[in-house]
Amino acid sequence: MPSRVPALIDALVAAATADSGLAGVRIADGPEVTEDAALEWLIIGFDGDPDGDFEAARTVGGWSDLSTGREEAFEITIAAIVSRGDTDVRAARVRVYEIAARLEALLRADPSVGLPSLECGIEATRLQPDQTDKGIQARLLLTVAGRAFI
């Protein structure tokens, strides 16, 4: 089944990796098995919850014309995560939103992320702060949504 989701995830990972404003933030393509102890993450295609449902994307399609054209509406899950060794909720919250703002700036500058016949942006967010035995962790779930033609 054709879909623009795989190319979009690749483009989002590449754009975030190339953004100098995200220097020091670990950019990941979905759930990774790693020993990386980074405190700041931007994970494309994963909600950052190892006990979650691991949903990376959702699509709905339909015909755009009477021939072979197809339109696809999509949602990509992205998690921005900030962990700290203290309990400063405000500092974690501010920083996680700064990371998300970089992604939003990338999408505002180029809503197609370099892909033809595609447009997307951040449609929804959910903030999930958690005090752990290692300090505060703020996780901001982002839904990048849009439409593309196949």
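**Strand pairing and core**

Tutor: Q128 has R139 as its bridge partner in β6. This is a predicted model, in which local features need pLDDT of at least 70, side-chain atom pairs count only at pLDDT 80 or more, and totals for chains, interfaces and linings use all residues. Residues are numbered from 1 along each chain as its sequence is written, and side-chain values use heavy atoms, with hydrogens and water left out.

Student: How many bridges join β5 to β6?

Tutor: There are 14, and the two strands run antiparallel. A hairpin of 2 residues joins β5 to β6. Strands here are DSSP runs of E, at least two residues, and helices are runs of H or I, at least four, numbered from the N terminus. Strands pair if DSSP finds at least two bridges between them.

Student: And β4 with β6, in which sense do they pair?

Tutor: Antiparallel, over 13 bridges.

Student: Why is β6 described as largely enclosed?

Tutor: Because 11 of its 15 residues are buried, meaning under 20% relative accessible area with a 1.4 Å probe, protein chains only.

Student: Switching to the core. Which residues touch the most other members?

Tutor: In the largest nonpolar core, of 33 residues, they are L8, L12, L42, I76 and I78. Such a core is a set of buried Ala, Val, Leu, Ile, Met, Phe, Trp, Tyr and Cys residues joined through side-chain atoms within 4.5 Å. α1 gives the most to this core, with 7 residues.

Student: What does L12 touch?

Tutor: Not counting residues up to four places away in sequence, L12 touches I44, I76, I78, L103, L107 and V113. Contact means heavy atoms within 4.5 Å.

Note on methods:
Buried < 20%, exposed > 50% of the residue type's maximum accessible area, 1.4 Å probe, protein only.
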